[in-house]
Amino acid sequence: MDEVEKKRIVWRSRRGLLELDIQLERFVRDVLPGFSDAEWLAYSQMLLLSDNDLLDYLNGKAPCPDQGLVPMIERVRAQR
């Protein structure tokens, strides 16, 4: 994955909900730089979720129906 695409993914991490922004900002700063290309892709796929759904999944208020996204959601959740 090239640097331009990585910058786009980081930019897409900025969300409309403050609580979600805070969680993702910390994750992007502390964890994302060390990701492999496959992890960047998984994170990018997670960002396709709506803000409200993603926040519910990260806060454990609802289970994510897409089992492929669960490991990344758990990883972000663990960073809190």
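A residue is called buried under 20% relative accessible area, exposed over 50% and partly exposed in between, with a 1.4 Å probe and protein chains only. Helices (H or I, at least four residues) and strands (E, at least two) are DSSP runs, numbered from the N terminus. The model on display is predicted: local features need pLDDT of at least 70, side-chain atom pairs count only at pLDDT 80 or more, and totals for chains, interfaces and linings use all residues. Residues are numbered from 1 along each chain as its sequence is written, and side-chain values use heavy atoms, with hydrogens and water left out.

**The whole chain**

Begin with the entire protein, shown as a cartoon. Five helices and zero strands are present, in the sequence pattern α-α-α-α-α. The radius of gyration is 12 Å, close to the 12 Å that the globule rule gives for 80 residues, so the protein is as compact as a globular protein of that length. Here the radius is taken over C-alpha atoms, and the rule is 2.2 Å times the number of residues to the power 0.38. Along the principal axes, the C-alpha atoms fill a box of roughly 35 × 25 × 20 Å. Of the 80 residues, 35% count as buried.

**Helix 2**

Next, select residues 18-30, which form helix 2. Its 13 residues should span 18 Å at 1.5 Å a residue, and the end C-alpha atoms are 18 Å apart, which agrees; the expected span is 1.5 Å times one less than the number of residues. Display the side chains of Leu20, Gln23, Leu24, Phe27 and Val28, the buried residues of this helix. The buried residues pack against helix 1, helix 3, helix 4 (51-58) and helix 5 (70-79). Turn the view to the face directed away from the buried side, where the exposed residues Leu18, Glu25 and Arg29 are carried.

Three aromatic pairs are found in a search of the whole structure. Rings of Phe, Tyr and Trp (its six-membered ring) pair if their centres lie within 6.5 Å; planes under 30 degrees apart count as stacked, over 60 as edge-to-face and the rest as tilted. Phe27 and Phe35 form an edge-to-face pair, 5.7 Å centre to centre with 70 degrees between the planes. Phe35 and Trp40 have ring centres 6.5 Å apart and planes at 85 degrees, so this pair is also edge-to-face. Phe35 counts as buried at 6% relative accessibility, and Trp40 does at 5%.

Move to Lys6 in helix 1 (residues 3-12). Lys6 is buried, with a relative accessible area of 16%. Not counting residues up to four places away in sequence, Lys6 touches Met1, Asp37 and Trp40; contact means heavy atoms within 4.5 Å.

Select Ser44 in helix 3 (residues 37-46). Ser44 is buried at 9% relative accessible area and, leaving aside neighbours within four places in sequence, is in contact with Ile9 and Arg12.

Finish at Leu47, in the loop between helix 3 and helix 4. Leu47 is buried, with a relative accessible area of 6%. Beyond its neighbours within four places in sequence, Leu47 is in contact with Ile9, Arg12, Ser13, Arg15 and Leu24.
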